[in-house]
Amino acid sequence: MSAVLDKTPPAHNAGGKPGVGSMSAPSVARVTRSTLAKDVRLEWRSKDAINSMLFFSLLVVVIFAFGFDPTAEESRRIAGGLFWMAVLFSTVVALNQTWARELRNQVLDAYRVSPASPASLFIAKAVGNFIFVATLEVLMVPLFVVFYNLRSLGPVWQLLLVAALSTWALVVNGTFFGAMSIRTRSREIMLPLILFPISIPALLTMVEATTQILTGESTPTFGIQLLLIYDIVFTTICLTLFSTILNAE
Amino acid sequence: MKPGIVIFGIVAAALLSYGLHAALVGAPTEQTMGDVQRIFYYHVPSAWTAFLLFFVNFVASIWYLVRRNPIADAIAVSAAEVGVVFCTVVLVTGPIWAKPVWGIWWTWDARLTSTLVLWLIYVSYLILRRYATGGQTQVMAAVLAIFGFLDVPLVYMAIRWFRTQHPQPVIGGGEGSGIHPSMMHALMWNFVAFLVFAGLVMWLRYRIELASRAIESEFAQRAVDDDLHGHMPVRSTR
């Protein structure tokens, strides 16, 4: 990866026209940027993932409200869990589309034979999913405020930090397992079956940390550290093993 | 090979019988819990054996990814399957022991929850193996095994943090601060017996895996041969 990064810029700068006539592989940053831009543009025009995710999480929120009939005090206690359950289930919707989109017209095979590094493809996909899920979360907050009379007693910046780390935790493994589950029979159901068990520690931590902030009980320092460790460990393994999965035959 | 398995089986049966005797007759009755506590001699060795088998699965998976050796994959799948069986024994004997002692079948305490999550992870590994298609199965399974194993310490940390936030359930007895020497004797003999027994089952499972692969490739070979003799235009290999 670093070898590619070191090699490419001088070749392009010397030639003046980037990419034309040069035999070197495209840089990681450029492949990442163009793949990400393509995915975001596709989603912006079709709004396939975000629409279905949003409606799905709306349904989860409404149906859970029937199940619990919460007061404002109670809702602070259960909202953390509810919010992340809704996000988790709707994330699967987005994740299932990420790679299925690339199966049409053998785009994934084209990636495989191209000199672009698999890591850049993975980062682009994971960041793209992060953007979609983060957008969903932003749109879901008003729902919770309205339906559950929710108001955080703890500082909001902590909520943002926990949300960012948690979203990455779900999305990084989800993107990776998505690439695995497209090669299985009944792939749509396969993804949650392998993603959820692995995500349990992250899920437990994000729910508990969010609840602590919402109720204003304490600062979830250890929770944030744990999410950070989870993110670092799994981002590293995903980047290390992604080319193995992409090229599995 | 055959006599080896017979000897292995006899040794395992002898050890299990001695373990049973040591657990039911040799070990003294526990003061507060009574005879129920004797399930301990099966519960704990099963747990240790399961964890050991999951570790074998992890090592074999790395070995497979590095060398692409089909033997490593066969070891990985046998270890995971037998490990899940022993982990199930732990999860079943646990509540049987807990009900008379704690008064409840289950509590979401750190150790119980971690074991349950571990079981879930390895069941998902076996499901992936079942649903994956073609030659990618081994690679994907090996990758998931690495994810699963690295997840275990995180599971334990998360659950311990989560649980210390809440009042602990009343846990009576258990193997807290050292046990009677004769109890230790029964425990260790049962551990050895369970290890040998697990080794035997895993060996048999491993041989079945190899045999089924041999049969599969034989069928594939025959299909290719029939194709060659039956029709002139042979489908090109991908």
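A nonpolar core is a set of buried Ala, Val, Leu, Ile, Met, Phe, Trp, Tyr and Cys residues joined through C-beta atoms within 7 Å. Keep that idea in mind as you explore this predicted model, because nonpolar side chains tend to be buried together in soluble globular proteins. The largest such core here has 121 residues, and the members that touch the most others are Ala76(B), Met140(B), Ala141(B), Leu144(B) and Ala158(B). Helix α5(B) gives this core its largest share, 16 residues.

**The two chains at a glance**

- Chain B has six helices and zero strands, and its pattern along the sequence is α-α-α-α-α-α.
- Of the 249 residues in chain A, 44% are buried.
- For chain B, with its 238 residues, the buried part is 34%.
- Take the contacts with a separation of 6 or more: in chain A, 80% of them join residues 24 or more positions apart.
- In chain B, residues 24 or more positions apart account for 78% of the contacts with a separation of 6 or more.

**How confident is the prediction for chain A?**

- The mean pLDDT of chain A is 83, and 88% of its residues reach 70 or more.
- Look out for residues 1-22 of chain A, where pLDDT stays under 50.
- The model has 23 contacts beyond four places in sequence for that stretch of chain A.

**Where the chains meet**

- On the chain B side, 29 residues are in contact with 26 residues of chain A.
- Two helices of chain B, α4 (110-131) and α5 (136-164), each supply at least two residues of the side that touches chain A.
- Helix α5(B) provides the largest share of that side, with 17 residues.
- Sorted by class, the side of chain B that touches chain A holds 22 nonpolar, six polar and one charged residues.
- Setting aside neighbours within four places in sequence, Leu144(B) is in contact with Ile194(A), Tyr125(B) and Leu128(B).

**A helix pair inside chain B**

- Helix α3 (residues 70-102) of chain B and α4(B) have axes that come within 10 Å and cross at roughly 145°.
- Their crossing is left-handed.
- From α3(B), the residues taking part in the contact include Val77(B), Ala80(B), Val84(B), Cys87(B) and Leu91(B).
- On the α4(B) side, the residues they meet include Leu112(B), Leu116(B), Trp119(B), Tyr122(B) and Leu126(B).
- Glu81(B) in α3(B) and Arg129(B) in α4(B) are also among the residues of this contact.
- Counted by class, the contact of α3(B) with α4(B) has 14 nonpolar, four polar and two charged residues.

- Ile7(B) sits in helix α1 (residues 2-26) of chain B.
- Is Ile7(B) buried or exposed?
- Ile7(B) has 10 other C-beta atoms within 10 Å, and a residue with 12 or fewer counts as exposed, so Ile7(B) is exposed.
- For a sense of distance, find Asp73(B), which is 66 residues from Ile7(B) along the chain: the C-alpha atoms of the two are separated by 26 Å.

Technical notes:
Residues are numbered from 1 along each chain as its sequence is written. Chains are lettered from A and ligands numbered from 1 in the order in which they are written. Two residues are in contact if their C-beta atoms, placed from the backbone, lie within 7 Å. Helices (H or I, at least four residues) and strands (E, at least two) are DSSP runs, numbered from the N terminus. Ala, Val, Leu, Ile, Met, Phe, Trp, Tyr, Cys and Pro count as nonpolar, Asp, Glu, Lys and Arg as charged, and the others, Gly among them, as polar. Axes are lines fitted to C-alpha atoms, for helices over the stretch in contact, and angles run from 0 to 180 degrees between N-to-C directions. A crossing is left-handed if the near helix is turned anticlockwise from the far one by less than a right angle, and right-handed if clockwise. A residue is buried if 20 or more other C-beta atoms lie within 10 Å of its own, exposed if 12 or fewer, and partly exposed in between; C-beta atoms are placed from the backbone. pLDDT is the predictor's confidence in each residue, from 0 to 100.
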